[in-house]
Amino acid sequence: MMLDLLVRAETILTMDEGRPRAQCMGIFAGRILGFDEELQGLSAEQTIDFGSSVITPGFIDAHCHTAWWGLGLSAVDLSGARGLEELYALLEAQMHELEDQPGVWLNGTGFNQKDHDGQFPDLRRIDEITGDRPMYLRHVSGHASITNSATLALAGAFASDFRNPVGGAIVRDDSGQFTGLVEESAQSLVQRLVLPYSIEQLTAAIDEATSRYAACGITSFTEAGVGGGWIGHSPIEVAAYQRALAEKRLHARAQLMPALDALREQVSHDSDARGTGRGRGLDLGVLAGFGNESISFGPVKVFMDGSLLGATAAVTEDYCGHSHNMGYLLNTPEEYRESVSAAYRAGWPVALHAIGDAAIDLGIEIIAELQERYGINALPNRIEHFGIARPDQVSAVARHGIVVTPQASFIGPLGDQFAALVGPDRENWLYRGQSLLDAGVLVAGSSDLPVADNNVLRAMGSAVTRRTDKGMVLGGSGECLSPLEALRLYTVNAAKGTGQFEDRGSLSRGKLADFVVLSESPLEAEEIVDIEVLGTYVGGRSTFTKSEIPAHV
């Protein structure tokens with residue numbers, strides 16, 4: 001027998017407890033055939049020796065927004081502006097670029113009020129710059145946006161009978177005038193003016209995004225919401241992923257979460273849907289897990305509350321400096337119980353976006369009740385973010401076997417903002433680390449890109465140090481992970497949390513040959529963030545190679 005590829009390195013960290021380390025790995029038909037002595041007597045069509053480099057399983061991002069980020073790569077990047085005058089200058093420059101393109105929207109991404117002394121742009125100044133050209137600037141959280149009067153008019157906001165939608169608002173100031181800030185579900189009023197994106201636009205966005213994923217060592221990811229709601233980009237968004245795969249423009253394996261809004265009422269046989277004959281699902285009865293090694297469906301994504309940065313996440317105590325503001329749920333508890341139950345009865349596992357502790361309470365209650373009544377569906381049930389979590393909630397998710405998906409990548413750039421919003425009494429509840437592991441909770445690593453970047457090595461370093469940009473250790477040293485546990489977040493844990501550990505997450509016989517080549521071991525490096533990704537392989541095929549990679553054939 002001849003292997004397709006034989007890989008050698010001084011250290012292969014397999015993350016498989018049965019064989020933690022190796023120096024030689026054989027690959028056949030995209031999967032791992034064996035290691036070291038298991039390969040005696042076998043030759044290979046290609047042999048690559050990575051010398052002193054270190055190989056680990058490919059990184060898995062268990063919650064990100066790939067199409068959104070990819071589409072935003074062509075928008076004005078506002079993240080580097082410091083002070084509103086710099087932001088206005090960027091918009092003026094873009095208006096100049098668009099002079100010969102009437103009707104084209106001015107799009108921007110990456111706005112964060114922290115970069116502007118907590119201020120938001122002045123609508124009057126924005127209107128002076130943009131005139132009648134529609135504008136849409138995304139807040140870094142994704143849970144808010146900034147627009148101009150021309151766009152508000154197109155959205156119908158100036159109509160005498162206008163009412164904010166449930167779970168969102170076009171914000172007004174104390175005098176009743178619009179500010180240009182659009183929160184939560186109200187963003188759909190703006191988005192419907194530009195949706196749906198074409199399949200070609202989305203395919204190009206997926207191509208651009210996942211090629212950058214490969215450069216970060218990411219071999220698998222979960223797209224957290226497609227097909228509906230304000231997070232979706234087309235009702236046939238999945239077709240873009242299929243096209244990207246067919247055209248070899250998908251550079252990492254994709255698990256797709258349908259947005260709850262993409263599901264429809266279904267009436268089937270009385271014995272179906274847990275004996276009710278009624279549920280919510282995708283046409284033809286497609287369920288989580290459907291697909292192949294490259295694209296498959298994950299759990300249903302459900303937004304329950306807003307964002308911490310926007311002080312719209314539902315909490316049980318006021319935000320600091322925001323008297324009588326405890327955020328809000330995006331729908332009523334009764335509606336959540338009904339809609340999530342309908343999807344679950346139809347066979348869908350669920351991933352509930354719950355950042356504030358009030359939303360987490362409801363999320364735990366719903367999942368626990370559904371699991372007790374109907375058992376577990378094909379994949380684990382999850383709470384996304386778990387941002388402000390009380391100690392009793394840590395115990396509860398452990399008890400009910402609920403996966404949580406916090407973002408260590410938030411700690412550096414956003415941790416100081418978070419701490420200021422919740423105050424010292426709740427600061428140690430924020431985006432927990434070691435306390436979750438100590439309780440026995442399965443924690444899956446993720447970025448929530450583009451809210452934070454998807455530099456996995458930076459995120460791993462943050463999980464270890466928990467140091468914010470201003471030098472605070474968020475939650476105290478007791479929440480810091482070991483380098484090994486940090487690596488597990490984005491390999492073993494992310495694979496288990498997405499229900500895919502049978503195929504990925506560790507380098508083991510029979511599993512997919514998805515791996516990353518690093519300049520140093522994450523377990524031994526002085527600073528994990530300084531490690532370089534030298535190469536990324538999906539199914540034994542290169543998706544990224546750094547020019548300086550020390551490999552020879």
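This is a short tour of a predicted model, stop by stop.

**The whole chain**

Start with everything shown. The chain has 553 residues, and a compact globule of that length would have a radius of gyration near 24 Å; the value here is 23 Å, which agrees. Turn the model along its principal axes: the C-alpha atoms fill a box of roughly 80 × 60 × 45 Å. Colour by secondary structure to bring up 16 helices and 24 strands.

Next, colour by accessibility. Buried residues make up 58% of the chain. The accessible surface comes to about 21,800 Å², and carbon and sulfur atoms hold 49% of that. How far apart are the mean positions of the positive and negative charges? The answer is 4 Å, for 42 positive and 72 negative charges. Among contacts with a separation of 6 or more, 72% join residues 24 or more positions apart. The next stop shows one such pairing.

**Gly 108 in strand S8**

Select residues 106–111. This is strand S8, and Gly 108 lies in it. Gly 108 counts as buried, because its relative accessibility is 2%, where the cut-off is under 20%.

**Two cis prolines**

Most peptide bonds are trans. Two stops go the other way. Select Leu 195 and Pro 196: the bond between them is cis, with omega near -5 degrees. Pro 196 is in the loop that runs from helix H5 (187–191) to helix H6 (199–215). Then go to Leu 449 and Pro 450. Their peptide bond is also cis, with omega near 10 degrees. Pro 450 occupies the loop between helix H13 (434–438) and helix H14 (456–465).

**Helix H14**

Stay here and select 456–465. H14 is largely enclosed by the rest of the structure, since eight of its ten residues are buried. The buried ones are Val 456, Leu 457, Arg 458, Ala 459, Met 460, Gly 461, Ser 462 and Ala 463. Show what they pack against: the helices are H12 (411–422) and H15 (483–489), and the strands are S6 (59–64), S13 (218–226), S22 (515–518) and S23 (533–538).

Zoom in on Ser 462, within H14. Ser 462 is buried, with a relative accessible area of 6%. Leaving out residues up to four places away in sequence, Ser 462 touches Ala 408, Ile 411, Gly 412 and Arg 467.

**Two positive phi angles**

Most residues other than glycine have a negative phi. Select Leu 284, an exception: its phi is positive, about 70 degrees. Leu 284 lies in the loop between S16 and strand S17 (295–297). Is Leu 284 buried or exposed? Leu 284 counts as exposed, at 89% relative accessibility.

Now jump to His 385. Its phi is also positive, at about 85 degrees. His 385 belongs to strand S20 (residues 382–385). This residue is buried, with a relative accessible area of 2%.

**Met 304**

Select Met 304, in the loop between S18 and H9. Met 304 is buried, and its relative accessible area is 0%.

**Helix H9**

Select residues 333–345. The 13 residues of H9 should span 18 Å at 1.5 Å a residue, and the end C-alpha atoms are 18 Å apart, which agrees. Which residues of H9 are buried? They are Tyr 336, Ser 339, Val 340, Ser 341, Ala 342, Ala 343, Tyr 344 and Arg 345. Their packing partners include helices H8 (272–275) and H10 (357–374), along with strands S16 (278–281), S18 (300–303) and S19 (350–354). Finish just past the end of H9, at Gly 347, where phi is positive at about 115 degrees.

Conventions
Residues are numbered from 1 along each chain as its sequence is written. This is a predicted model: local features need pLDDT of at least 70, side-chain atom pairs count only at pLDDT 80 or more; totals for chains, interfaces and linings use all residues. Side-chain values use heavy atoms; hydrogens and water are left out. Helices (H or I, at least four residues) and strands (E, at least two) are DSSP runs, numbered from the N terminus. The radius of gyration is taken over C-alpha atoms; the globule rule is 2.2 Å times the number of residues to the power 0.38. Buried means under 20% relative accessible area, exposed over 50%, partly exposed in between (1.4 Å probe, protein chains only). Contact means heavy atoms within 4.5 Å. Accessible areas come from the Shrake-Rupley method with a 1.4 Å probe; for residues, only the protein chains shown count as cover. Lys and Arg count as positive and Asp and Glu as negative; His and the chain ends are not counted. The place of a charge is taken as NZ of Lys, CZ of Arg, CG of Asp or CD of Glu. The expected span of a helix is 1.5 Å times one less than its number of residues.
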